[in-house]
Amino acid sequence: MTLQPDGQGRLRHLLTLDGLPREVLVGLLDRAQAIVDGAGPAPAALDGEAVCTLFFEPSTRTRLSFQRAAQRLGADVLNFDASSSSTTKGESAGDTLRTIEAMGVRGFVVRDGAEGAAAALAEVAAPGTAIINAGDGRSAHPTQGLLDMLSLRQAKGSDFSGLRVLVVGDVRHSRVARSDLHALRTLGAGEIRICGPEALLPAPEEMQGCPFGHDLDEAIEGVDAVMMLRLQRERMEEGLVGSLDAYHRGYGLTAARLRRAAPGAVVLHPGPMNRGVEIDDEVADGPQSLILRQVANGVPVRMAVLETLLLRQ
Ligand code: CP
């Protein structure tokens with residue numbers, strides 16, 4: 001991805017974790033961990049800056065944690081509401097970007113249902129503007145991938161070489177899965193398995209060489225981390241999955257299933273959860289769940305990203 005680094009190889013936009021150098025990825029995680037540990041940013045590090053959350057799809061966690069992160073850095077936050085914006089009168093995303101740039105905004109956090117939407121804005125952005133992909137279709141959700149890695153590191157240590165990770169569910173429609181797979185590969189995870197119904201797995205070449213299968217009871221044996229995915233009904237054709245009950249029987253993470261994983265295995269889910277479908281309450285709210293820690297880590301991770309992109313310019 002040539003749009004991400006500037007001419008000096010520094011990160012200018014964050015569009016994907018695919019191809020992001022290991023030292024950049026680890027640097028962002030280390031900075032986020034330092035923030036967690038109390039080494040906050042310089043007071044009002046982004047004083048005078050403004051960050052716009054440009055979301056064309058709904059969000060709770062990503063939008064609010066970017067807002068919180070920007071506020072903690074002293075930046076102003078502009079919250080673009082697509083449904084009441086001039087895009088409803090036909091204004092393009094590019095013109096929307098240029099309009100908000102003209103107000104002195106340099107940071108844009110972009111979510112869109114179309115793959116490549118954030119990259120398309122990065123192509124036309126002014127030289128000092130930073131675009132952060134907050135999820136584009138099925139393609140990428142890089143800050144979710146980062147916060148998932150930070151949560152895994154905190155639970156299992158930063159050496160991933162012995163880590164066995166299982167990604168479960170609707171991989172086909174999941175930008176989170178793609179970003180997680182890229183990050184796990186870059187960080188050298190020992191073993192990455194994928195499991196889901198045939199209709200919800202992507203083409204084998206999209207699974208980055210990971211072994212995959214359709215039997216969750218078999219796939220979960222001995223893994224150290226289970227990354228559950230949301231069933232993305234808004235992105236799938238009718239009839240791709242049978243009943244939700246049948247999905248739960250085959251691919252729901254129950255306490256009994258989790259007992260087949262390694263002792264101390266952890267459970268992640270990016271949210272929002274379909275409780276009782278891909279994950280049971282007992283697991284989601286149980287002692288092995290990292291789900292709320294993932295949410296909490298969203299703020300320092302996004303602070304680290306905003307600092308990196310906006311402080312250097
Ligand atoms: N995980 C995630 O992207 O959640 P939101 O859709 O609530 O932002």
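**Note on the ligand site and cavities**

1. A nitrogen atom of the ligand lies 2.9 Å from a polar backbone atom of P270. The protein covers 91% of the 250 Å² of accessible area that the ligand has on its own. The model is a predicted one, and these values are computed from it.

2. The side chain of S59 has an N or O atom 2.6 Å from an oxygen atom of the ligand. For T62, a side-chain N or O atom is likewise 2.6 Å from a ligand oxygen.

3. Which residues surround the ligand? They are S59, T60, R61, T62, R111, H141, Q144, P270 and G271. By class, this shell splits into six polar residues, two charged and one nonpolar.

4. Domain 1 (22-141 + 298-310) and domain 2 (143-295) each supply at least three of the residues around the ligand.

5. Where does the ligand sit among the pockets? The space it takes is the largest pocket.

6. The structure holds two cavities of 30 Å³ or more. The largest cavity has a volume of about 70 Å³.

7. The lining of that largest cavity includes R61, Q144 and P270, and R61, Q144 and P270 are also among the residues that surround the ligand.

Terms used
Residues are numbered from 1 along each chain as its sequence is written. This is a predicted model: local features need pLDDT of at least 70, side-chain atom pairs count only at pLDDT 80 or more; totals for chains, interfaces and linings use all residues. Side-chain values use heavy atoms; hydrogens and water are left out. A residue is near a molecule or strand if one of its heavy atoms lies within 4 Å of it. A polar contact is a pair of N or O atoms within 3.5 Å; within protein, one must be able to donate a hydrogen and the other to accept it, and residues adjacent in sequence count only if both atoms are side-chain atoms. Accessible areas come from the Shrake-Rupley method with a 1.4 Å probe; for residues, only the protein chains shown count as cover. On a 1 Å grid over the protein atoms alone, a cavity is a set of points where a 1.4 Å probe fits but cannot get out, and a pocket is an open set with protein on both sides within 12 Å along at least five of seven lines; lining residues have an atom within 4 Å of a point. A molecule sits in a cavity or pocket if more than half of its atoms lie within 2 Å of its grid points. Ala, Val, Leu, Ile, Met, Phe, Trp, Tyr, Cys and Pro count as nonpolar, Asp, Glu, Lys and Arg as charged, and the others, Gly among them, as polar. Domain bounds come from an automatic or database domain assignment. Grid points are joined across faces, edges and corners, and a volume is the space filled by probe spheres set on the points.
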